Amino acid sequence: MKGKNRTLGILLSILICIIIMYLCTMSGISAISLQDASRIIAHEFLHLNVSMEGISNGSILIIRDVRLPRVILGFVAGASLAVCGAGFQGIFKNPMADPFVLGVSSGAALGAAIGIVFHLNTSLPGMSGTMILAFAGAFLTIGLVYNISKVGKKLPVATLLLSGIAVSQTLSAAMSVLMILNKQSMDQIMFWTMGSLNGKGWNQTLMVLPYVLVGMILLFSSARELDIILTGEDTAVQLGVNVEFLKKKVLFACTLITAAVISVTGIIGFVGLVVPHMVRMIAGPKHHVLMPLSLLFGGTFLIICDTAARSMVAWEIPVGIITSLCGGPFFIYLLRQMKKNG
Amino acid sequence: MDGNREILAFHHVAAGYGEREILKDVTMSVKEGEFVGLIGANGTGKSTLIKCISGLLPLKRGNITVCGRENTELKTKERAQLVAVVPQSYHVEYDFTVEDIVMMGRHPYMSFRKREGKEDYDIVEEAMRATNTEIFRNRFYNELSGGERQRVVLARAIAQKTKVILLDEPTSALDIHHQIEVMELITRLNREEKITVLAVLHDINMASRFCGRMVMLRDGVVLADGTPKEVVNRQNMETLYQMKLMIRQNPLFHKPEIVPIRVMEEERAKAPLQIHVICGGSGAVKLLEELDAKGYRVTAGVLNRGSSDWEMCQELHIRCVEEEPFTPITEKKQEENQKLMEDADVIVVADVPFGEANLMNLQGLEKMKGKLYFHKNALSSDYTGEGLVKQLEHIQMTKKIRYVGDHDEFLRCVAEDGVRLNEAGGELDSVQVSGGTKP
């Protein structure tokens, strides 16, 4: 995809994305008519002069403070995970890589578990002790993995993956120990590790955004270099890519984004693996198309899953379960397609 | 252009992996506009040298300068603006199109602020045209054949607009059509675009034909450096490859050419007889070599200088009687020849066409004590009219001639003769022999 095609594809995806966001904001268990919801959005967010007659305060509250921020956070989370997945798949030259491959999720989960077990609370608005600990856990884990695998100035990809797995397993075990010792917190920890957008509002969304923005800028500005590294590290060096710097940059950006996102949402699996994969099949491997489309599709995918999670049954299903439920079979389907195409 | 400017210079370079030093002490330089071939056996560090230049492998000692600048001080991007590398073979698992791959060559000139512009597209276009790859610009690189891929990678290197292109065995995975195609492309770049080329080549003949200069590496040091004529000689090549081989002048390109002969030693004859070969064209080349390899003491004559048989004798240091090229053999020379074969246990007339000019070769054979073999083919390429048959009849009056069908049969007979002579002693012809039939 190049030039015009690329712009067209991205514009079309943005359009689809906005429509789906809109529809998802409309749907939910409390019946608010499409027309009412549209009026609320027009009035509250676009500050249009729309009559608010006959709309209850409750409905306004649900749309303005519950559904819309949740949809936006869902979009940000999905987009973040998908773009990080694309970035990791790039530097690892491995289509099986996802944002959690180096153990960022285990670190965050352990942090969260500690927060839950010790009921840590903060006075910061919208930021619980659990979130802070999850964020710290995520960052410390990647720092550890990075330092284990660093050889001189170099960061061999294979060592990075292996130490990621080792650290991740150890931290998971530590979390299990914590859960067994504190049976009363088990449910809560389990729930956290399945990921959910339940009860998250504007505060959390605004908190995550700066990290995500900085990380995204770093990733998007590496698009061309990620293309080149896909063709081999040695070649990339010979074409003028500072491979070691690129790896560190992508690692840092992805950690920043994922740590921020999952400290708020918990661990939402499969988005980061499946979405970039799917986009690559449609639009090819070039990152300046792959990343924006992953962003849009990842966001949209998570919104749809989250809408399903909160609307299918009377109680909330963790969205991580839905993504895996949809993502798993879909991924198997893709693999089989690939096998057929040789 | 300053033709003497050093583009690449190596000063006592040592490098390797872990404890193992592959390059021990390499000092050489490549000047602007040169086409240098780097040769050496497997594992002598040719590819390692390329890795060192592209900054993939740190040096243990010494230093490399690129266009006068210290290599370690160059930023990755700066280096990629000076040096392009074409690897041996290059696989890409992802669906990049040919144009994508060539455009990657422009990366050293781009930054966060500067993206692909018209100039870059023009350069890519030109590079694809130069390599004939524009016809499949939109095809996926990983669907191309080996030769097509190599052209695409070459196009990428051209798009890099560098001073020098390094090639790491660019043709080793290709068939001869594509090998020559790639080498011709590189030559054209070197001549027309004035790009300096340093190519690791494992094919000596290819290097000798296309490169203006050759550098030979062995055990991590430069063993020879010069024109193909200076480098490709038997001594150098035998040290390099540890095998028996022959160097000859390729008549088409006027470049030395290597003919590999054998690595494993030929089984030595149990009794190394002295054998005189009468030859003079090109039919005895193989026979001379095999006899020599088996350990026989070989002499030959009379040979016209410049003939293939003569070249082989020179290569193997076989004693022989020579005559000027295209000159009939004189009686004087034949006398020398007779002297040479006086003590021979066996005399063989090899597969050689006879005409008036060389019939003299057969004179006096009847007086020799050695056992006489005659290759039947010589009878079918007889341009003497009656001469040859008459001469043979004349010999046969006093001496038995054993006719053989091919050289292998002769080698078998000679081996048997050797054993018999060892047992009986004396002269072969006095011993009753089997083998050898009338024509």
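Predicted model: local features only at pLDDT ≥ 70, side-chain atom pairs only at ≥ 80, totals over all residues.

Visitor: Okay, so which hand is the crossing of α5(B) and α6(B)?
Guide: For α5(B) and α6(B), the crossing is right-handed. Helix α5 of chain B covers residues 146-159 and helix α6 of chain B covers residues 176-192, and their axes come within 10 Å, crossing at roughly 15°. Angles under 35 degrees count as roughly parallel, so α5(B) and α6(B) run roughly parallel to each other.

Visitor: Which residues make the contact there?
Guide: From α5(B) you have Gly146(B), Gly147(B), Gln150(B), Leu154(B) and Ile158(B). Facing them from α6(B) are His178(B), Glu181(B), Val182(B), Leu185(B) and Leu189(B). Sorted by class, the contact of α5(B) with α6(B) has five nonpolar, four polar and one charged residues.

Visitor: Switching to chain A. What's its secondary structure?
Guide: Chain A has 14 helices and zero strands.

Visitor: And how compact is chain A for its length?
Guide: Its radius of gyration is 21 Å, close to the 20 Å that the globule rule gives for 342 residues, so chain A is as compact as a globular protein of that length. The C-alpha trace of chain A spans about 65 × 60 × 40 Å along its principal axes.

Visitor: How do α5(A) and α11(A) run, parallel or antiparallel?
Guide: Roughly antiparallel, α5(A) to α11(A). Helix α5 (residues 129-149) of chain A packs on helix α11 (residues 243-265) of chain A at about 155°, with the axes 8 Å apart. The crossing of α5(A) and α11(A) is right-handed.

Visitor: What sits in that contact?
Guide: On α5(A), the residues include Phe135(A), Phe139(A) and Tyr146(A), while α11(A) gives, among others, Leu251(A), Ile262(A) and Val264(A). By class, the contact of α5(A) with α11(A) has 12 nonpolar, three polar and no charged residues.

Visitor: Now the interface. How many residues of chain B are in contact with chain A?
Guide: 20 residues of chain B are in contact with 17 residues of chain A. On the chain B side, α2 (76-82) and α3 (98-104) are the elements that give two or more residues. α2(B) gives the most, with three residues. That side of chain B has 12 nonpolar, five polar and three charged residues.

Visitor: Last one: what domains does chain B have?
Guide: Chain B is divided into domain 1 (6-260) and domain 2 (274-424). Their C-alpha centres lie 48 Å apart.

Methods
Residues numbered from 1 in each chain as written. Chains lettered and ligands numbered in written order. Axes fitted to C-alpha atoms, helices over the stretch in contact; angles between N-to-C directions. Helix = DSSP H or I, 4+ residues; strand = E, 2+ residues; numbered from the N terminus. Parallel < 35°, antiparallel > 145°, perpendicular 65-115°, else oblique. Left-handed = near helix turned anticlockwise from the far one by under 90°. Contact = placed C-beta atoms within 7 Å. Nonpolar A, V, L, I, M, F, W, Y, C, P; charged D, E, K, R; others polar. Domains from an automatic or database assignment. Rg over C-alpha atoms; globule rule 2.2 N^0.38 Å.
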